[in-house]
Amino acid sequence: MPSQRASDSAPHEKELRQLFQQQELVAELGDASLATDDLGRLFAHAAEGVSRVLDTPITRVAEYHPAHGRWQVHAGVGWAEAEHVAIPDGHSERALGGTEAVAVADLRQASDDSLRRGGAVCGLIAPIRHPGHAFGVLETYARVERDFGTGERQFLRSVGCILSGSVRRQRAEAFLRRRENELMRIVDADIIGVFHWDTDGRISNANRYFLRLTGYDELELGAGRLRWAELTPPEYQPHDERALAELTAHGRCTPYEKEYVRRDGRRIPVLVAGVLLHGSTHEGMAFALDLTEVKHAESAVSQLAAIIEGSDDAIISKALDGRILSWNPGAARLYGYEASEIVGSPVTDLVPAAERETHAALMERVRQGERISSLPVRRRRKSGEMRDVALSLSPVRSKEAQVVAIAEIAHDITGQKLLEEQFRQAQKMEAVGRLAGGVAHDFNNLLTIISGYSELLLSNSAVAGKVRTLVAEIKGAGDRAANLTRQLLAFSRKSVLESRVLDPNAVVRDSERLLQRLVGEDIVFQTVLGPNVGHVSADSSQFEQALMNLAVNARDAMPRGGKLTIETSCARLEPEYCGLHVDVQPGNYVLLSVADTGVGMDDVTKARLFEPFFTTKEPGKGTGLGLAMVHGFVKQSGGHLAVYSEPNLGTTFKLYLPRVDAPTSARPAETAQPALLTGRETVLLVEDEEAVRAFGKQILTNCGYTVLEAANGVAAWALLEQQPSPPALIVTDVVMPYLSGRELANRAVGRWPAVKVLFMSGYTDDAIVRHGIIEAQWPFLQKPYGPTVLARKVREVLDAPSRPPQAEPSGSRPSKVLVIDDDEACQRFLQTVLEREGYRVRQAREGAAGMRLCGEEPCDLVICDLFMDGQDGLTTIRQLRQRFPALPVMAVSGGSPRVPGDYLAFAKTFGASAALTKPLNRDAVLQAMAGLLSPRQATA
């Protein structure tokens, strides 16, 4: 029997051994592709390895030359043919046109003499591709009949992909070398002086023209004796300082005239311009032109003109009287005028009337020789649209240093200002929301006492007459106050949503009659319901409340009558729109539009529209919570809210709710319950508000329960450990000092799995509610509550099937994520998104620094860009995989103009667990991370 088992396992061992050899070869070739520039050696290594691993005696790497329809063999095993071969059967051509490995079942009748003479019977062919078209094939043949399985095909395809990547890299590097040589020939040409400088004043490299211009030689340059500050006469040093400030601010400076002091002491007039090197703030390239040589000056002007023509900014030159002299394509894009329409006209045509006096003062300052940088102003386009721009003005001087013209650079900052304003508004709303949520929590504790005791009094038949009437008034006031706090919680996005899939058209239809009564007969009310708008996931009660609040707001905006229209339709928010709005994700939405013909609003009112307690109505006419509640409902439902309004032109509210592809769910049926349900079990009541705890204890005691009480989680745990047996139910507040309700529940359920837990709170903490939806495993009771509600909920939890939720480890903590990316904007985006989701984020700007951070402190996930200054992403991913084999790594990249090819796909060959294309979006990042960290775990 042992020998039989050994015989049975032999094929599996062979298969595993071959799979290991395949993976080993792929890894070897991956390393070799980065370590060598010799494609021939790499091809030979690949051919030999494939023959050995697949046990195929004939293997070759051949390049296809379409011009003459022949193949050139670069490397091979078991191949003794000429360098150029013809393959008339077309197997390789077919493989060349695809992306997968192609199996050839029978080659015995092939017309390719070389294959038949070599005894080839069957084979496997994988394409080798580079950008634009295929390069060639990797072929391997067997001399016996065999079936090439999926694993062998995938293996050969992987080897082909590695060879493809090497061909791409080699050709890209060859292209870059050619470009570098071309650029060096241009730089070394006797056209303009070029030198490399840093802010310490060192000139570390320069071309021959510059050395000849200044009278220095290469030996003095290499010895560090050449410094740009020493070349400048004292009277021109302020010009250099202003240029350096402009470089720091904009990455380049406007060309300006100055003089150089040559090595022999002679002064020469030069025209100087400079740019910062990409990604650097302290070094750059500068260009100097000898103005005594007219041909050289013309060449420099031509080069500078090319830069101006290609700029995205509006670059304009003006006469001293304000007439426009030149107009680049960037100006045409920004202002909407073509050069033929605007050249010769005064620049005041672009300046709004309110800013013309200020603009005239700016022009006068520049005429006096002053430079103005990045001044925020407003400018009018040809269409009349206003744009925000950052304006830089500088004087253009003659040889005699006289100001003869004015140069203007305008950078469009409209989108930037819009995002800044939205971000400030979002921060303000978030701060107000936190305050509102906290206030509502405290109110709910008080209202629990007021409404609860009022309900107890009303349930007592001994309370009658005027006293009963007064108690009823107290109860009614408490209920109204509870409604206000619910609206505060909706605004702060901390309310409990009972979300289900709704048909928005049905919600509007069901509300029509009520809305008509709300707005009155003097307002024309109509609905326009689009067909097939889809469904949304939302709380139906809050949806209906939002409709009523918007209708009431519209009614109050039309005191003399008007028209109110509610419309539904399909909408799609594109990335371009979402890029200009904070916290909006691209995708399909259901659009609910509520439009009125009322008095409208100005910008000041719109800026505060959704703040709680802000209202333009007379005292006593409104709480200022209606629109705040609408804002909270939309945001908590994952949607977007936009408002369009002008004074005397009406108002339109547009509610974008994410469209869901799911059938509608029925509203839960309400069943009649007795006034107070009773029981005999033991209940532990944990509440840090003494009056609320006393009220809850009285209700539960009246219902027949044995009640244990504790003022906080620590006291509750101590009490539990003293009991001979655990209680049947723990009723606990969520937010308490020392030990929260969630942590108490985790401990209790971890020790006594049969213990049931009921959470209660005046607001919902993230430990209980995530994104506004209660986790199904935890029962929850919203404050304020009355005796009947508390008794019914306790009974409901106790009578539920015993399926205790799995407790979370009380010592768990957020996952650590390391972001390796040299793009500061991308780093800030990922940090904001991940920290909001509870992750701990560390950052590095290049691969070597990231490896050091991984060694200093373990992390749970690495997000790594592929193209970075310093150590690149592919090298980093390979090192991470070697040093931390189990660590998930997500590769991200927007590509590189210097290195063509799909390197995200290549990154997976090097060990990346997942790959995302930039620009990144929040949902895609979180979804990919959830897959890599599921089940989510934190480092010890």
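## Ground rules

Residue numbers start from 1 along each chain as its sequence is written, and side-chain values use heavy atoms, with hydrogens and water left out. Since this is a predicted model, local features need pLDDT of at least 70 and side-chain atom pairs count only at pLDDT 80 or more, while totals for chains, interfaces and linings use all residues.

## The chain as a whole

Let's start with the big picture. The chain holds 28 helices and 35 strands; helices (H or I, at least four residues) and strands (E, at least two) are DSSP runs, numbered from the N terminus. Of its 940 residues, 45% are buried, where buried means under 20% relative accessible area with a 1.4 Å probe, counting protein chains only.

The chain exposes about 46900 Å², and carbon and sulfur atoms supply 52% of that. Such areas come from the Shrake-Rupley method with a 1.4 Å probe. As for contacts (heavy atoms within 4.5 Å), take those between residues at least 6 apart in sequence: 64% of them join residues at least 24 apart.

## The largest cavity

Rolling a probe the size of a water molecule over the atoms shows where empty space is left. A cavity here is a set of points, on a 1 Å grid over the protein atoms alone, where a 1.4 Å probe fits but cannot get out; lining residues have an atom within 4 Å of a point. Grid points are joined across faces, edges and corners, and a volume is the space filled by probe spheres set on the points. The count comes to 3 cavities of 30 Å³ or more.

The largest cavity has a volume of about 180 Å³. Its lining has 16 residues, with Trp228, Asp240, Leu247, Tyr256 and Val272 nearest the centre. The elements that give two or more residues to this lining are β7 (193–198), α8 (237–250), β9 (252–261) and β10 (267–276). By class, the lining splits into 12 nonpolar, 2 polar and 2 charged residues. Nonpolar covers Ala, Val, Leu, Ile, Met, Phe, Trp, Tyr, Cys and Pro, charged covers Asp, Glu, Lys and Arg, and the others, Gly among them, are polar.

## The second largest cavity

The second largest cavity holds about 50 Å³ of space. Around it sit Lys816, Val817, Leu818, Arg842, Leu853, Cys854, Glu857, Pro858 and Cys859. That makes 6 nonpolar, no polar and 3 charged residues. Both β31 (816–820) and α25 (847–856) supply at least two residues of this lining, and β31 gives the largest share, with 3 residues.

## A covered strand

Strand β5 (residues 122–130) is mostly covered, with 8 of its 9 residues buried. It runs antiparallel to strand β4 (residues 102–104), and 3 bridges join the two; strands pair if DSSP finds at least two bridges between them. One of the residues involved is Val104, whose bridge partner in β5 is Gly123.

## Two buried residues

Leu657 belongs to strand β23 (residues 651–660), and counts as buried because its relative accessibility is 4%. Leaving out residues up to four places away in sequence, Leu657 touches Val536, Phe543, Tyr589, Val590, Phe633, Val634 and Ser637. Val536 is 121 residues away along the chain, yet the C-alpha atoms of Leu657 and Val536 are separated by 6.5 Å.

Ser51 is part of helix α2 (residues 39–54). Ser51 also counts as buried, because its relative accessibility is 9%. Again setting aside residues up to four places away in sequence, Ser51 touches Thr56, Pro57, Ile58, Thr59 and Val77.

Terms used. On a 1 Å grid over the protein atoms alone, a cavity is a set of points where a 1.4 Å probe fits but cannot get out, and a pocket is an open set with protein on both sides within 12 Å along at least five of seven lines; lining residues have an atom within 4 Å of a point. Buried means under 20% relative accessible area, exposed over 50%, partly exposed in between (1.4 Å probe, protein chains only).
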